Amino acid sequence: MSTKEILNKNNIPSHVAIIMDGNGRWAAKHGKARIFGHEQGVESVRAAVEAAGEIGVKYLTLYAFSTENWGRPTEEVNALMGLLIQAIENETEKLNKNNVKLGVIGNIEMLPAVVKGKLMNCINNLKSNTGLNLILALSYSSKWEIINAVKNIAASVKNGEIKTDQINERLFENCLTTRGIPDPELLIRTSGEYRISNFMLWQIAYSEFYFPEKLWPDFTKEDFFEAINNYQKRERRFGKTSEQIEG
Ligand code: IPE
Ligand code: IPE
Ligand code: MG
């Protein structure tokens, strides 16, 4: 029996975010070049998208490329960009069939023009879909996003659009690239690394964290359901006491 069958349908997180880590180590383990691990990682992306759709997760954010990842060897960066183009070309039809809508967060101006073009095209082709919202974090940096928000707010104060005392959490959130998207209830990072690596620092203030040991290319649909199952066993207290939550 799949773990999917035992999940509580009334407690599915609306937003799951995944830091997909471990492709390079997976490749090394199999005696292959790092890019082979990234290629294999695309299979796990497919699995996670399917699994999320099947149980009614509304938003799935996948951290695919960080701003810091631009500092990797040029050939790896180029191979990753190539893989991204290939994945967009190969998957758009299936995503459309599955009613998936695509979004992107990050500094996409840094992406090569051809990647950005394909991406925007794909987003446009899927824009009327009403099922899972798949969000790719590409050239993403949470600190970059926060600084941008601060700059926008400062400009609005300076030109008189808003007053300083109107700055609140809601206003700030609306200046982030994730505006309109609920904060992730669950954050998964694969590969046994226990860090955030500049991902959604604001948005994960109250997320539940799940750190499976598996390397990303080994992550399956069943692993995704297991993460949800683990999440469902937790008590989210938001600063309150257990008694208050139960009562
Ligand atoms: C995650 O796998 C994919 C990206 C960051 C693009 P890594 O490439 O970081 O794999 P490891 O951490 O070196 O094993
Ligand atoms: C984080 O993974 C970024 C992505 C998964 C895209 P990294 O492998 O780049 O993170 P660090 O540098 O090991 O923290
Ligand atoms: Mg890594």
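Start by selecting ligand 2: the space it takes is the largest pocket. Keep in mind along the way that this is a predicted model.

**Stop 1: the shell of ligand 2.** Show the residues surrounding ligand 2: Ile 19, Met 20, Asp 21, Tyr 63, Ala 64, Phe 65, Ser 66, Asn 69, Arg 72, Arg 189, Arg 195 and Ser 197. If you colour them by class, you will get five nonpolar, three polar and four charged residues. Next, highlight strand S2, residues 59-66, which brings four residues and so makes the largest share of this shell.

**Stop 2: polar contacts of ligand 2.** Zoom in on the oxygen atoms of the ligand. An N or O atom in the side chain of Arg 195 is 2.6 Å from an oxygen atom of ligand 2. Select Ser 197 as well, where a polar side-chain atom lies 2.6 Å from an oxygen atom of ligand 2. Then turn to Asp 21, which places a polar side-chain atom 3.2 Å from an oxygen atom of ligand 2. On its own, ligand 2 has 390 Å² of accessible area, and the protein covers 77% of that.

**Stop 3: the shell of ligand 1.** Around ligand 1 you will find Met 20, Asp 21, Gly 22, Asn 23, Gly 24, Arg 25, Arg 34, His 38, Ala 64, Asn 69, Arg 72 and Leu 80. Colouring by class gives three nonpolar, five polar and four charged residues for the shell around ligand 1.

**Stop 4: polar contacts of ligand 1.** Begin with the backbone. A polar backbone atom of Arg 25 is 2.7 Å from an oxygen atom of ligand 1, and a backbone N or O atom of Gly 22 lies 3.4 Å from an oxygen atom of ligand 1. For a side-chain contact, go to Arg 34: an N or O atom of its side chain is 2.8 Å from an oxygen atom of ligand 1. Taken alone, ligand 1 exposes 380 Å², of which the protein buries 87%.

**Stop 5: an aromatic pair.** Leave the ligands and look at the rings. The whole structure holds eleven aromatic pairs. Select one of them, Tyr 206 and Phe 238: their rings are tilted, with 50 degrees between the planes and 5.0 Å from centre to centre. This pair links distant parts of the chain, 32 residues apart. Tyr 206 sits in the loop between strand S5 (186-189) and strand S6 (208-210), while Phe 238 is in the loop between helix H7 (221-232) and helix H8 (242-246).

Notes: Residues are numbered from 1 along each chain as its sequence is written. Chains are lettered from A and ligands numbered from 1 in the order in which they are written. This is a predicted model: local features need pLDDT of at least 70, side-chain atom pairs count only at pLDDT 80 or more; totals for chains, interfaces and linings use all residues. Side-chain values use heavy atoms; hydrogens and water are left out. A residue is near a molecule or strand if one of its heavy atoms lies within 4 Å of it. A polar contact is a pair of N or O atoms within 3.5 Å; within protein, one must be able to donate a hydrogen and the other to accept it, and residues adjacent in sequence count only if both atoms are side-chain atoms. Accessible areas come from the Shrake-Rupley method with a 1.4 Å probe; for residues, only the protein chains shown count as cover. Ala, Val, Leu, Ile, Met, Phe, Trp, Tyr, Cys and Pro count as nonpolar, Asp, Glu, Lys and Arg as charged, and the others, Gly among them, as polar. Rings of Phe, Tyr and Trp (its six-membered ring) pair if their centres lie within 6.5 Å; planes under 30 degrees apart count as stacked, over 60 as edge-to-face and the rest as tilted. Helices (H or I, at least four residues) and strands (E, at least two) are DSSP runs, numbered from the N terminus. On a 1 Å grid over the protein atoms alone, a cavity is a set of points where a 1.4 Å probe fits but cannot get out, and a pocket is an open set with protein on both sides within 12 Å along at least five of seven lines; lining residues have an atom within 4 Å of a point. A molecule sits in a cavity or pocket if more than half of its atoms lie within 2 Å of its grid points.
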